[in-house]
Amino acid sequence: MLEKYLNILEGKEKAAYLKSKERGEFEIKLKQAMKEMESCNLCEYKCGINRYNEKGVCNTGKASIAAHFMHYGEESILVPSYTIFFSGCNFRCIYCQNWDISQRHVGLYIEPETMARFIERAYERGAKNVNWVGGEPTPNIPYIMEVLDKLDINIPQIWNSNMYCSIKAMELLDGIIDIYLTDFKYGNNKCAMRLSKVKNYWEIVTRNHEIAYSSGEMIIRHLILPGHVECCSFPVLEWISQNVPEVMVNIMDQYTPYYMAEKVKGMNRRIYEEEYESVLNFAVELGLNIID
Ligand code: SF4
């Protein structure tokens with residue numbers, strides 16, 4: 001169970017990004033990542049724009065950090081987690097609980113050198129990992145690489161993402177990220193389009209989960225959506241059991257109608273207890289490794 005991660009925490013193994021530096025790969029990846037700022041294809045929107053001059057669908061030019069702090073609300077195995085929240089996202093989830101940072105351009109650019117020092121201080125205070133999140137971290141891969149370039153402590157890197165990354169982005173992350181902490185909530189493209197305004201969700205997100213599975217360790221978060229047990233929860237869990245069976249799965253029951261959800265039919269309520277129980281029972285029947 002997350003063996004490599006635990007080994008890193010105990011100092012038995014090096015964090016992936018340090019090993020990448022030793023292999024001489026990190027520098028190449030850093031250069032490749034910086035090139036994406038000039039023509040961004042980091043997520044499947046593939047805007048191809050110069051992010052120094054323009055913003056794409058994710059509304060992100062240079063990285064903008066909305067908050068960074070020691071987080072105690074993540075999965076118990078991960079806390080305390082030094083969590084860095086970027087502003088901007090490539091999804092438009094109508095119920096986003098972080099809409100104030102994901103759907104607005106807020107926050108500040110923090111020099112990579114300065115952010116690296118913040119991470120060192122957090123590590124000294126007991127942080128078990130660096131948790132890159134948003135909004136969405138994908139548009140910020142160049143910045144993350146710049147920060148890691150200035151860092152050399154043995155702290156695991158967590159990729160906390162909607163997994164709508166391009167293959168190029170997945171290649172950049174390979175060998176840098178220790179744990180993929182993914183958000184996998186839709187069991188079909190129709191629900192993803194209706195509630196998050198994204199195309200080809202199922203094909204892209206399943207592909208990236210398979211890539212991540214072969215690259216690092218993985219915890220999948222599945223948020224149960226009201227009225228979406230059969231169309232979303234069941235297919236997602238079934239896919240996990242068939243394709244990435246050894247990952248940890250966090251089945252989340254805290255859906256709350258934030259942001260615009262009050263106005264969307266069927267989405268203006270919490271989930272029912274029976275919905276949670278049927279999803280949990282299904283996960284148990286499939287033999288998934290459930291954590292919280
Ligand atoms: S990260 Fe995605 S949405 Fe943002 S500019 Fe790049 S390709 Fe476009």
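A residue is described here as buried if 20 or more other C-beta atoms lie within 10 Å of its own, as exposed if 12 or fewer do, and as partly exposed in between, with the C-beta atoms placed from the backbone. The structure is a predicted model, in which local features need pLDDT of at least 70 and side-chain atom pairs count only at pLDDT 80 or more, while totals for chains, interfaces and linings use all residues. Residues are numbered from 1 along each chain as its sequence is written. Helices (H or I, at least four residues) and strands (E, at least two) are DSSP runs, numbered from the N terminus.

By these criteria Asn59, which is placed in the loop between helix H3 (26-36) and strand E1, is partly exposed because 17 other C-beta atoms lie within 10 Å. Its phi is near 60 degrees, a positive value in a residue other than glycine. A positive phi, near 50 degrees, is also found for Asn200, which lies in the loop between H8 and H9 and is partly exposed, with 13 other C-beta atoms within 10 Å. Most residues other than glycine have a negative phi, and most peptide bonds are trans. Against that background, the bond joining Val79 and Pro80 is cis, with omega about -5 degrees, and Pro80 is found in the loop between E1 and E2. The peptide bond from Gly134 to Gly135 is likewise cis, with omega near 15 degrees, and Gly135 belongs to the loop between strand E3 (130-133) and H6.

The loop between strand E1 (65-71) and strand E2 (81-86) also holds Ser76, which counts as exposed because it has 8 C-beta neighbours inside 10 Å. Ser76 and Pro245 are 169 residues apart in sequence, and their C-alpha atoms are 21 Å apart in space.

Helix H5 has 13 residues and reaches 19 Å from its first C-alpha to its last, close to the 18 Å expected at 1.5 Å a residue, where the expected span is 1.5 Å times one less than the number of residues. Met115, Ile119 and Ala122 are buried in H5, and they line one face of the helix, since seen down its axis they fall within an arc of 60 degrees; the arc is that of the directions from the helix axis to the C-beta atoms. The other side of H5 carries the exposed residues Glu113, Thr114, Arg121 and Glu124, and of these Glu113 counts as exposed with 12 C-beta neighbours inside 10 Å. The buried residues of H5 are covered by elements including E1, E2, E3 and H6; two residues are in contact if their C-beta atoms, placed from the backbone, lie within 7 Å. Just after H5, Gly126 takes a positive phi of about 105 degrees.

Helix H9 (residues 201-215) has 15 residues and reaches 21 Å between its first and last C-alpha atoms, close to the 21 Å expected. Its buried residues are Tyr201, Ile204, Val205, Asn208, His209, Ala212 and Ser215, and they are on the same side of H9 because they cover an arc of only 130 degrees around the axis. On the other side of H9, Glu203 and Ser214 are exposed, whereas the buried residues pack against helix H7 (167-173), strand E5 (179-183), H8 and E6.

Helix H10 (residues 229-243), also with 15 residues, reaches 20 Å from its first C-alpha to its last, close to the 21 Å expected. Cys232, Ser233, Val236, Leu237 and Ile240 are buried in H10, and since they fall within an arc of 105 degrees seen down the axis, they line one face of the helix. These residues pack against helix H8 (189-196), strand E6 (217-223), strand E7 (248-252) and helix H11 (273-286), while the face turned away from them carries the exposed residues Glu230, Gln242 and Asn243.

A nonpolar core is a set of buried Ala, Val, Leu, Ile, Met, Phe, Trp, Tyr and Cys residues joined through C-beta atoms within 7 Å. The largest such core has 87 residues, and those with the most contacts inside it are Tyr164, Ala169, Ile179, Met218, Ile240, Val247 and Val249. Helix H6 (residues 141-149) gives the most to this core, with six residues. Apart from its neighbours within four places in sequence, Ala169 is in contact with Leu42, Cys43, Thr138 and Ile141.
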